[in-house]
Amino acid sequence: MLPQAFGLPVAIVLILGGALACFAGYRLFRIVLGIYGFILGAMLASSLVGVSNTAAMMIAVIAGGLIGAALLVFAYYAGLALVGGGLGALIVHLTWTQVSTGDPPLLVVGLAAVAGAVVGMLLQRYMIVVGTAFGGAWTMIIGAINAVGPRGITQGGSASEVWILYPTSVGDYRWASIAWIVLGSIGTAVQLTVGGRRRKR
């Protein structure tokens with residue numbers, strides 16, 4: 001979470017970072033790991049700070065983001081497993097919201113994450129391409145929704161007056177899943193095409 005004034009700038013950063021991951025994730029995988037490590041670390045660290053302490057919240061965001069980025073950049077294989085696991089969990093979550101109400105069972109999400117991590121380790125190049133393309137596409141969509149969406153999408157409550165990112169929440173934007181598949185597919189095709197041309201040279 002962040003002070004309200006940072007909501008739009010961070011949403012723009014999410015869009016740009018997502019585009020980088022979606023269309024150049026394989027070639028810039030360590031940079032992409034750093035970006036997502038920063039986002040994850042900042043989210044976790046800022047959630048531990050009270051909403052009324054703006055200075056402490058910003059320090060937590062910066063410190064947590066830097067630690068998260070360093071961990072994923074230097075732990076390449078762990079980052080690869082996390083990409084696969086995160087993609088597996090995201091697929092289960094999105095599929096579940098289309099066929100049922102509420103959140104998917106924790107066991108199902110866990111099994112999908114483990115399966116995604118295993119596949120990611122076995123098929124590294126293709127997992128990086130697909131994982132970064134679809135992960136980047138989803139980040140772009142979340143960033144776009146948070147940039148233009150209503151208050152309820154991005155903020156936890158009127159009393160807190162803070163900007164809160166919900167990475168799996170798209171509100172009533174039913175087109176988000178279709179846009180995710182289209183953008184992710186385009187990103188995968190671009191990465192495979194560019195990678196193939198580079199190898200031929």
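This is a predicted model, where local features need pLDDT of at least 70, side-chain atom pairs count only at pLDDT 80 or more, and totals for chains, interfaces and linings use all residues. Residues are numbered from 1 along each chain as its sequence is written, and side-chain values use heavy atoms, leaving out hydrogens and water.

**Exercise 1.** Compare the reach of helix α2 with its expected span.

*Solution.* Start with the helix itself: α2 covers residues 29-46, which is 18 residues. Helices here are DSSP runs of H or I, at least four residues, numbered from the N terminus.

**Exercise 2.** Find the residues of α2 that are buried.

*Solution.* First recall the cut-offs: buried means under 20% relative accessible area, exposed over 50%, and partly exposed in between (1.4 Å probe, protein chains only). Then look along α2: F29, V32, L33, G34, G37, G41, A42, A45 and S46 are buried.

**Exercise 3.** Locate L192 and decide whether L192 is buried, partly exposed or exposed.

*Solution.* Begin with its place: L192 lies in helix α8, residues 175-200. Now take its relative accessible area, 32%. L192 is therefore partly exposed.

**Exercise 4.** List what L87 touches beyond four places in sequence.

*Solution.* Contact means heavy atoms within 4.5 Å. Setting aside residues up to four places away, L87 touches M127, V130, G131, F134 and W180.

Note on methods: Helix = DSSP H or I, 4+ residues; strand = E, 2+ residues; numbered from the N terminus. Expected span 1.5 Å × (residues − 1).
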